[in-house]
Amino acid sequence: MFPVISSITPFMVDSNPYAVQELKAVAGVMITASHNRKEDNGYKVYWENGAQITSPHDKEILKCIEECVEPWNGSWNDNLVDTSPLKRDPLQDICRRYMEDLKKICFHRYPSGNIG
């Protein structure tokens, strides 16, 4: 069994692959909801190295999803994730570490509110 890391919050898009690598996760999934057309909504899956999946793997995942469109019994149980002993939410820690690492590679730093 693998830990389930759950965070249902606005999340910086590029921090998802970062989190996958930092947490040494097997994979990461991000459900997306765009302010653009509904066709832009969907999901992104990242390998353990933080890279987004590509063809043909994306098509195989979609095929599996389409074969199992009927929800499992209990799928709508809101407490399912919350009661799992495998769940943890590292959002605050990952955001802090992400920003610390980003500062290390940022070449132009300005005092808060003073951008030139």
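Trainee: Glu100 first. How accessible is it, and what does that count as?
Mentor: Glu100 has 38% relative accessibility, so it counts as partly exposed. Keep in mind that this is a predicted model.

Trainee: Which residue does Glu100 form a salt bridge with?
Mentor: Arg96. The closest N and O atoms are 3.1 Å apart.

Trainee: Where do Arg96 and Glu100 lie?
Mentor: Both are in helix H3. They sit four residues apart, about one turn of the helix.

Trainee: Why does that spacing matter for direction?
Mentor: An α-helix has 3.6 residues a turn, so residues three or four places apart point the same way.

Trainee: And Arg96, is it buried, exposed or partly exposed?
Mentor: Partly exposed, with a relative accessible area of 42%.

Trainee: What about Asp93, which residue does it form a salt bridge with?
Mentor: Asp93 also involves Arg96. There the closest N and O atoms are 2.4 Å apart. Asp93 and Arg96 are three residues apart in helix H3, so about one helical turn separates them. Asp93 has 28% relative accessibility, which means it counts as partly exposed.

Trainee: How many salt bridges are found in the whole structure?
Mentor: Six. One of them joins the side chains of Lys59 and Asp58, at 3.9 Å from N to O.

Trainee: Is Lys59 buried or exposed?
Mentor: Exposed, at 53% relative accessibility. Asp58 is partly exposed, with a relative accessible area of 25%.

Trainee: Switching to H1. Why call it largely enclosed?
Mentor: H1 covers residues 15–22, and six of its eight residues are buried, so the rest of the structure largely encloses it. The cut-off for buried is under 20% relative accessible area.

Trainee: Which residues of H1 are buried?
Mentor: Ser15, Asn16, Pro17, Tyr18, Ala19 and Val20.

Trainee: What covers them?
Mentor: The cover includes strand S2 (27–32), strand S3 (42–47) and helix H3 (91–105).

Trainee: H3 again. At what angle do H1 and H3 pack?
Mentor: About 105 degrees, with the axes 10 Å apart. That angle makes H1 roughly perpendicular to H3.

Trainee: Which residues make the contact?
Mentor: From H1, Ser15, Tyr18, Ala19 and Glu22. From H3, Ile94, Arg97, Tyr98 and Asp101.

Trainee: How do the residues of that contact divide into nonpolar, polar and charged?
Mentor: Four are nonpolar, one is polar and three are charged. Glu22 and Arg97 from this contact also belong to the salt-bridge network.

Trainee: What's the phi of Lys24, after H1?
Mentor: Positive, near 55 degrees. Lys24 follows H1.

Trainee: Zooming out. How many helices and strands are in the chain?
Mentor: Three helices and four strands. From the N terminus, the order is β-α-β-β-α-β-α.

Trainee: What share of the chain is buried?
Mentor: Buried residues make up 17% of the 116 residues.

Trainee: And the accessible surface, what does it come to?
Mentor: About 9700 Å² for the chain. Carbon and sulfur atoms account for 59% of that surface.

Trainee: Last one. What share of the contacts comes from residues 24 or more positions apart?
Mentor: They account for 49% of the contacts in the chain with a separation of 6 or more.

Key. Residues numbered from 1 in each chain as written. Predicted model: local features only at pLDDT ≥ 70, side-chain atom pairs only at ≥ 80, totals over all residues. Heavy atoms only, no water. Buried < 20%, exposed > 50% of the residue type's maximum accessible area, 1.4 Å probe, protein only. Helix = DSSP H or I, 4+ residues; strand = E, 2+ residues; numbered from the N terminus. Contact = heavy atoms within 4.5 Å. Axes fitted to C-alpha atoms, helices over the stretch in contact; angles between N-to-C directions. Parallel < 35°, antiparallel > 145°, perpendicular 65-115°, else oblique. Nonpolar A, V, L, I, M, F, W, Y, C, P; charged D, E, K, R; others polar. Areas by Shrake-Rupley, 256 points an atom, 1.4 Å probe, with all protein chains shown as cover. Salt bridge = Lys/Arg side-chain N within 4 Å of Asp/Glu carboxyl O.
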